[in-house]
Amino acid sequence: MSVAQDTDSAANGAAAFDPSAAPEPTTAELIQAYRVAGRSRSTEEHIVRLVNRGEVKFAIWGPGEEVHGTATALALSKLVKPDRFGLVPHYRSGCLCAMWCELNGVPDFTLNVLRQQFSRDTDVMSRGRQMVYHLDIEAAGILPVQSPVGMQLGKAAGYALGFKLKGVNDALTIGIVGDGTTAEGDMHDTMNAISVWSLPTIVMVTDNRIAISTTPEQGRGIESFAAYAESFGVKAFSCDGRDFWDVYRTTYACAKYVRDEQKPAMLHVHDLPRFNGHSSAAETTFDLSQADPIIAFGEELVKRGVLEEADVLKRIEGKGADFFVHHDLGRLMGQEDEQVRGWFAQVKSEPEPPEDSIFEHIRAPFPEVVEAPGDGTTNVTYAGASRAAIDHIITSKGGATWGQDIAKLGGVMQATAGLLDKHPGKVFDAPLNEPLIVGTACGAGLHKDLISLPEIQFGDYSLNAFHWLVHMGNLYWTTNGNSNFATILRTPVDPFGGGAVYHSMSIDGYFAPIPGLVIVMPSTSWDVYGLLMTAADYRGPVVCLEPKWMYRQALGPAFPGEPTEAGEIKALKRHIMRGGIPDIDPEHRVPFGKAAVRRPGNDVTIVAWGRAVWTAMEAAATLAEQGVDAEVIDLRTIVPPDMDTVVESAKRTGRLVVAAEDRSFSGFVRTIQGHAVEAIPGLPTRAIGQKDIPGIAQSLKLENATILTDRDIVAAVRDVLEVRGTGGSAGWSYVAPRYFIS
């Protein structure tokens, strides 16, 4: 028995439903469904023709899924509207999305798809930045699509979680994948999320029994989708993707169950044909050996008296590989084809995007922030300040936070201690799965009135979710500013206390090269609170790297209103240590991209971030005893860095040392150093960090031998001071190459 047959029989048995429950489609709806199916087929087959002529470089398509698409959209329209819906389709979902948009008054779907196909300036979804069917149609509840298959599932689950966090109890979401994508880890991540959190999400598998060129026997370990779903406690449904009425009734039953019960389901759509291969990179000949669902649908509509014989698509004798020579389109599809041809001509005449448009929408505009001056020294710990910021974001910004052990335990670093009691339902523990945590946070962060604050327990494990971080960085640009993730990822980083390998990584060198992200690494309580609050105003993707050494430290200026009497200070410290939330001004902000001068000086500039700032301060104190006046600059925001402050200081002092906890070899220190050297040719400079070895040992002795120390910084400063210069207070001139690469 085939995989599809076995799965189908098991699923139907597991999810018996009353087929009469779905309202019968009207004559007008059936005609509309047939028209949209024909329009979609015509559009894609014209693209196939242009590919074969060499007029289109690359295309991806889904001929064979039109009837399934129109039936699915029609069923959904009976149950939900776009404001209570989130759909993350894949590239073969074009007809489904076309029908859904038409049913919900969102015009010009096919025209806009063609604009994306031909990379026109008029492409409203990406302005020529994405390949075809990378849809993003907020008005219809169609969420942004990305190229890596499978990620749509995490996004759909996260968007459903967002509805749940907002108290919406009649919504549903759908993530659609092909059968080949079920081999991806995203499938397991999402099934776990929708099961554990009981999310109103449909995982739809459109099964044509092939993934590009790989058969189920070669690449798919799931032999029964029903059994797989039921092992998660997820209800399973199945339908024949060639049969309009089976798809319509099954989808209606599935969606009604999910909407009404607010529980997840899997919908396996089996036996779909694939007529033109995977894409223009595969076989493009139209496969005449498979029965065509559009033809069968048309014949049934004729039998029911809805259409006439002359109205519908028929196969005829023809020669060659082209779809059109083997088919009589019939009156209705012929009319749609004429309209499609007109759109092709229109789109080809429209302009391409200007070259300088690539610099638009790299990041959303930063909030305008005026940082108040700080005095004294705070008694609020770094963890306490983080806790206070998260509290305010949940209370006033629609925030919610989840991660491993952050609720009941309060996080390994205690940064979320006390928040569960104050915000039940908005602070919760997540499964042990980093892509699940970040992926659902991205989906939830697509809601305009919600901010997701995922936490990864150790920065080392955030590498499991690297795909999501890349997508976080590029979404705003790839959608030409239409969509963004209001997601603030927090994670403890850097070596401290014998954490050993996989608990001690400095990851700024991994994440800083990801375009589009904002990455902050606060070194004080003042900054971690202020930068998190600014991140909440920003409503774009922010990564907050929090050095583990900082959490129990109280460093930086005092917050306005902090107690000054000894007894009150002691009480504040005890309150924070026991999981209390300190009272900090909710208006306090620290701007993105603005460095802080921790210590002014004239002889050498030391640039650092995170814990390295305080290592640099120790080095500066030692240097001062030796008669060297070092200026210490804390970047605070790694990306984008405040190079104006760095360059101004280095021009004045004539010497530069860049120091960080990460490795200097290929590390972010090299980026800061390189920009400074470009601005000041011949600048004496060193870039230093931990030793270039594979990891951090558990032995504290070996850890201390590996990490950046104040002695390293002092030695680097001494090195650059030996260079004779001709400008600035210390002077600068040409420097031998060894000063740039050592």
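Me: Two strands pair if DSSP finds at least two bridges between them. With that settled, how many bridges join β1 to strand β2?

Reply: Four bridges join β1 to β2 (residues 172-178), and the two strands run parallel. Within this pair, G86 stands opposite T173 of β2. Please note that this is a predicted model, in which local features need pLDDT of at least 70, side-chain atom pairs count only at pLDDT 80 or more, and totals for chains, interfaces and linings use all residues. Residues are numbered from 1 along each chain as its sequence is written, and side-chain values use heavy atoms, with hydrogens and water left out.

Me: Now α15. How many of its residues are buried?

Reply: In α15 (residues 434-444), 11 of the 11 residues are buried, so this helix is largely enclosed by the rest of the structure. Buried means under 20% relative accessible area, exposed over 50%, and partly exposed in between (1.4 Å probe, protein chains only).

Me: What do those residues pack against?

Reply: They pack against α6 (151-165), α7 (185-196), β8 (399-403), β10 (451-455), α16 (466-478) and β11 (488-493). Contact here means heavy atoms within 4.5 Å.

Me: Which residue caps the N-terminal end of α15?

Reply: N433 does, with a side-chain oxygen 2.8 Å from the backbone nitrogen of L436. Such a polar contact is a pair of N or O atoms within 3.5 Å; within protein, one must be able to donate a hydrogen and the other to accept it, and residues adjacent in sequence count only if both atoms are side-chain atoms.

Me: Changing topic: how many aromatic pairs are found?

Reply: A search of the whole structure finds 25 aromatic pairs. Rings of Phe, Tyr and Trp (its six-membered ring) pair if their centres lie within 6.5 Å; planes under 30 degrees apart count as stacked, over 60 as edge-to-face and the rest as tilted. One of the pairs is F466 with F511, which is tilted, at 6.0 Å centre to centre and 45° between the planes. F466 belongs to helix α16 and F511 to helix α17 (residues 508-511), 45 residues apart.

Me: Is F511 buried or exposed?

Reply: F511 is buried, with a relative accessible area of 0%, whereas F466 is partly exposed at 29%.

Me: And what is the geometry of the Y538 and F592 pair?

Reply: Y538 and F592 are edge-to-face, 5.6 Å centre to centre with 85° between the planes. Y538 lies in helix α18 (residues 525-538) and F592 in the loop between α19 (566-577) and β14, so the pair ties together parts that are 54 residues apart in sequence. Y538 is buried at 5% relative accessibility, and F592 is buried at 9%.

Me: What else sits in α18?

Reply: D527 lies in that helix and is buried at 0% relative accessibility. Leaving aside neighbours within four places in sequence, D527 contacts E371, P522, L532, V590, R598, D634 and R636.

Me: Last one, α20. How far apart are its end C-alpha atoms?

Reply: They are 22 Å apart, which agrees with the 21 Å that the 15 residues of α20 (residues 611-625) should span at 1.5 Å a residue. The expected span is 1.5 Å times one less than the number of residues. Just after α20, G627 takes a positive phi of about 85°.
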